[in-house]
Amino acid sequence: MSSGIGNWRWLVLLGILLPLSAWGDGKVLKMATTTSTENSGLLNVLLSAFYRETGIRIRVFAKGTGAALKDGMDGNVDVLFVHAKEKEEKFVSDGFGAYRLAVMHNDFVIVGPSKDPAQVKKAKDAPDALRRIAETGSFFISRGDDSGTHIKEQALWKLTGVPLSTRSTEIIKGGKKKRRLFMYPGTPGKWYISIGQGMGKTLTFAEEKQAYTLADRGTYLKYKFGRKTGLDLEVLYEGDARLFNPYGIIPVNPKTFPHVRFDLADTFAKWLVGTQGQRLIANYRIEGRTAFFPDALPHAK
Amino acid sequence: MGFLIDSFLSAVSLLWSLDPDLYLIIYVSLKVSLSSTAIASFFGIPVGFWIALHEFRAKRFLITVLNTLMALPTVVIGLWVYAFLSRKGILGMLDLLYTPTAMIIGQVILILPIVISLTHSAVGRLDHRYRKTALTLGATPLQAALVVLREARFGVMAAVIAAFGRVIAEIGISMMLGGNAKGFTRTMTTAMALEYDKGEFVLAVALGLVLLFISLSVNVFLHFLQGRSSA
């Protein structure tokens, strides 16, 4: 039995040394991304392939787009992988990001109950689909969390011609007053329900209320076909180019934050838009279906 | 430091400018928390009394169970009630999930053990001669119970305050059963979690300060009630 005690000591030693060794080799990259990216499962494939090739480990912090960008602005991470093109470009032009490379896109779909009370199936384009939901007063669940999906949804509502209300909340930052705007159709809590949660939660909320929502295809496929009892919602509108959702990779600017691992971030960004990364993206399947389309090398196979 | 000052000033300015969103959030929080506290007190205080004033075989066991339930995580209650109220659950046809009612149901389950257990210990600590004396002086059992209640009122009030503090500050049940719908089931705590997710830390902390202020106001109010009733 004395060997048992010996094993126990080894285990303790191992427990102390393992984390130290991971910390010691220094090839760890911190990346902020959105929950939808992480939920899709694509990230696991990309990160493990990248690790096998380069030995660089990536630690992922998945949040809403707003919080992910904030992490970049605070210099908490080395690289960002998000999908809110305008905000990303501003992030770079404000000096927080070194550059932005287009990596891939997936697309959004409008999902809802199979009975389709708002006749979204007959919509001629994406804004028309939303207009039909508003006009029939059917439940619509909004992410309402400043995520890429929420930003896209608000842009689409602007195109519908449905009257929108704007509310602003005043906060104080750096001694100055700042306004945060919140734009929505209808009255919150009536048919337009803004829940401020992630994509998965929004889909289950929509299922419970048999409501419509805008979802990224990847998360929808996972919830529809990747679970034992699939989501009781159907894709009712898809295909409008305005529903495309481009992802960008942005290394945090080493001039603004000298402590970031720009060398590693740069390697990762270049790898992602190279043949290897683009090929993995093109061949990734969610429940047997294509969900992401490579943008740097559109014909990668 | 600048960050905290910003948050504090934002909290003051939000309250002062009568920000409609903020007041709606406060309204929903108070409505739900006060309702669940009232319901839990209505049922919990008499039960706590009854347990304290009676001797029965399973008493110690029951108290142990109640004390264990006081440590029940909110997510567990949330999941449980969710399973019942979901469209696929037994009570699915009531369409209660993601409504303030669902939140109240969950919160009552959360604090009922707190009210019962703390009432029981407040009453149990009293000298039982109060009740005996009242009874020998010809009081009916109800009158005797009221005498005991009068003596135990500080402890009972403490139970109610503890229960209110637990629900106003909890997030698991509110998020899972209320769903954080703006203007409908969004409470102070779920709003804070959302602002954190969005990276709006100043607003998140400002909401936290408002929450503290509201709790303080409610407690001062209850304290005032207590003072009046003892006079």
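This is a predicted model: local features need pLDDT of at least 70, side-chain atom pairs count only at pLDDT 80 or more; totals for chains, interfaces and linings use all residues.
Local features require a pLDDT of at least 70 and side-chain atom pairs a pLDDT of 80 or more, while totals for chains, interfaces and linings use all residues. Residues are numbered from 1 along each chain as its sequence is written, chains are lettered from A in the order in which they are written, and side-chain values use heavy atoms, with hydrogens and water left out.

In chain A, strand 1 spans residues 28-34; 6 of its 7 residues are buried, so the strand is largely enclosed by the rest of the structure. Here, buried denotes a relative accessible area under 20%, exposed over 50%, and partly exposed the range in between (1.4 Å probe, protein chains only). Helices (H or I, at least four residues) and strands (E, at least two) are DSSP runs numbered from the N terminus. Strand 1 of chain A pairs with strand 2 (residues 57-63) of chain A in the parallel sense, over 7 bridges; pairing requires that DSSP find at least two bridges between two strands. Within this pairing, A:L29 has A:I58 of strand 2 as its bridge partner. Strand 1 of chain A also runs parallel to strand 3 (residues 79-82) of chain A, to which it is joined by 3 bridges, and A:T33 stands opposite A:F81 of strand 3.

A:F81 also belongs to a cluster in which ring pairs link it with A:Y247, A:Y284 and A:F292. Over all chains, the structure holds 18 aromatic pairs. Rings of Phe, Tyr and Trp (its six-membered ring) pair if their centres lie within 6.5 Å, and planes under 30 degrees apart count as stacked, over 60 as edge-to-face and the rest as tilted. One edge-to-face pair is formed by A:F140 and A:W157, at 5.5 Å centre to centre and with 85° between the planes. Because A:F140 lies in strand 5 (residues 140-142) and A:W157 in helix 7 (residues 148-160) of chain A, this pair ties together parts that are 17 residues apart in sequence. Both A:F140 and A:W157 are buried. By contrast in geometry, the ring centres of A:F268 and A:W271 are 6.3 Å apart and their planes lie at 20°, so this pair is stacked. A:F268 and A:W271 are 3 residues apart in helix 10 (residues 262-273) of chain A, and are therefore separated by about one helical turn. A:F268 counts as buried because its relative accessibility is 1%; A:W271, at 9%, likewise counts as buried.

Charged side chains also lie over aromatic rings, as defined by NZ of Lys or CZ of Arg within 6 Å of the ring centre and within 35 degrees of the ring normal. A:R289 lies over the face of A:F225, at 3.9 Å from the ring centre, and A:K70 over that of B:F201, at 5.4 Å.

Two non-glycine residues with positive phi were examined. A:Q119 has a phi of about 60° and lies in the loop between strand 4 (101-112) and helix 6 (126-136) of chain A; its relative accessible area is 34%, so A:Q119 is partly exposed. B:Y98 has a phi of about 65° and is located in the loop between helix 4 (74-85) and helix 5 (100-124) of chain B. With a relative accessible area of 1%, B:Y98 is buried.

On the surface, a nonpolar patch includes B:F8 and B:L209 among its residues, with about 750 Å² of accessible area for the patch together. Helix 1 (2-16) and helix 11 (201-230) of chain B each give two or more residues to the patch, and the largest share, 5 residues, comes from helix 1.

Note on methods
Patches are made of residues with over 30% relative accessible area and no salt bridge: like charges are joined within 9 Å, nonpolar side chains (Val, Leu, Ile, Met, Phe, Trp, Tyr) within 5 Å. Accessible areas come from the Shrake-Rupley method with a 1.4 Å probe; for residues, only the protein chains shown count as cover. A salt bridge is a side-chain nitrogen of Lys or Arg within 4 Å of a carboxyl oxygen of Asp or Glu.
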